[in-house]
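These are my notebook entries on a few things I looked up in one structure.

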Amino acid sequence: MQHHITLSELQRLVRTALDERFPLPVWVSAEIADLKVNYSGHCYLELVEKGGDNGVPTAQTRAVIWRSHYARLAADFEAATGRPLASGMRILVRAAVSYHELYGFSLRITDIDPAYTLGDMERQRQETIARLQSEGVWDMNRSLAMPLPVQRVAVVSSAQAAGYRDFSKELERSPYRIEHRLFDAFMQGEAAEESIIAALCAVAETEERFDAVAILRGGGSVSDLNCFNAYRLCSYVAQFPLPVLTGIGHDKDTSVADMVAHTPLKTPTAVAVWLTERAAEAEGRLGEAAARLHDAVVLLLREREVELHRLGGEAASRAAALAARERNRLDTHAAALPREAAAFVKRCRERLDAADALARSRSPQRILQLGFAVVRSDGKAVASVRAAERGRRLEIEVADGRFEAEVK
């Protein structure tokens, strides 16, 4: 029989080797895959390390924070990062390596470094910026035209958020009518990113009803605002079809969403003030335009009045000249009229005399004097020899009388 050892002996050797190799706690970075706090106050975690773009775990182990450490470590971590320990976080922990024959390999956490988690958030932020710039969408929303004024605003915020209430109160004090409609969303926590994206999608479905969209959230810790550095949300903002206004956080906070938005403002109240100021600017421009229009109309009327006077003077001068010419023509015609009338009468008289002479030369009496005669039968003129039958008595009229004859 070959030499062998039992399973328990092998595991004791492994435990001994680990105890000798790691006599003191070590700092380990990992991502929290699962976290549970039981009724006794102990915190049990599942830690993973993911590799590649597909996020498949390359290493995984159990870890525990005993009750004697957990309350202090959790409070310190949340105070520093603004968020409680939760699944999906990358953390740096100080842990003792342990191995148990029944429970296997595990880590016993004794300390957590919040700065590492904050640094990981900044790393993710820089990755988001680089990716948006490489995809060519970084300046897309800023290239959209912002109406003047902005009168219809879609607001993505939480109805219970103090920032949204501040925004609404500020607009109520505005002398201008600026309509706004709330698209309710979670503005912090693990569900915030997906909730805000869903609200933006709802706005996009009715984009023709709005001039712009405002994303509002009051101040918070760096981790509270970390969803506004997430790639998916910032990509939606950068490519949104309406100009985006942001009022996220306080003066010291500048998220990636602020960077890709059309007009980033510091707070929700600042967004309301900006809308009021833009309306006032539009009113001022309208006033200036009205004044310029008034001045232009007055100037045009004056120019037309001068032109009208000039044309009136020209018309009067031309009318006087025309009247003088016509008067001269009338005088000329009046002087020539008697001569023309006498000449016309003379011409008419000559024509009448000629017509009279022609008429007298062609009268029947004149014709008879030339030797012609008029032959009648039964009082009718005989125009054909067929009407002059033998034995018919005819009446013949000559220039100086009449006589009868009989046809032989």
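**Entry on E404**

I looked up E404 and noted it as exposed, because its relative accessibility is 56% and the cut-off for exposed is over 50%. The model is a predicted one, and I read each value with that in mind. I then placed E404 in the chain and found that it belongs to strand β14, which covers residues 401-406. Leaving aside neighbours within four places in sequence, I listed R393 and L394 as the contacts of E404. With R393 there is also a polar contact, side chain to side chain, at 3.0 Å. I also checked E404 against R304, and recorded that the two are 100 residues apart in sequence and 100 Å apart in space, taken from C-alpha to C-alpha.

**Entry on the sheet**

I followed β11, residues 374-377, to its antiparallel pairing with β12, which runs over two bridges. Across that pair, R376 stands opposite A381 in β12.

**Entry on the nonpolar cores**

Next I looked for nonpolar cores, and the largest has 33 residues, with V156, I196, L200, V203, I215 and F228 making the most contacts inside it. Elements that each supply at least two residues of this core include α3 (114-134), β6 (152-157), β8 (212-217) and β9 (244-248). The largest share, six residues, comes from α5, which I noted as residues 192-205. Another core lies apart from this one and has 23 residues, among them L45, A63, M89 and A95. I went back to I215 for its contacts beyond four places in sequence, and I wrote down V156, M187, L200, F228, V237, V244, L245, T246, G247 and I248.

**Entry on the cysteines**

The structure as a whole holds zero disulfides. I counted C234 as buried because its relative accessible area is 0%, and I put C43 down as buried because its relative accessible area is 0% too.

Definitions and conventions. Residues numbered from 1 in each chain as written. Predicted model: local features only at pLDDT ≥ 70, side-chain atom pairs only at ≥ 80, totals over all residues. Heavy atoms only, no water. Helix = DSSP H or I, 4+ residues; strand = E, 2+ residues; numbered from the N terminus. Buried < 20%, exposed > 50% of the residue type's maximum accessible area, 1.4 Å probe, protein only. Contact = heavy atoms within 4.5 Å. Polar contact = N/O pair within 3.5 Å; in protein donor to acceptor, adjacent residues only side chain to side chain. Pairing = 2+ DSSP bridges. Core = buried A, V, L, I, M, F, W, Y, C linked by side-chain atoms within 4.5 Å. Disulfide = S-S within 2.5 Å.
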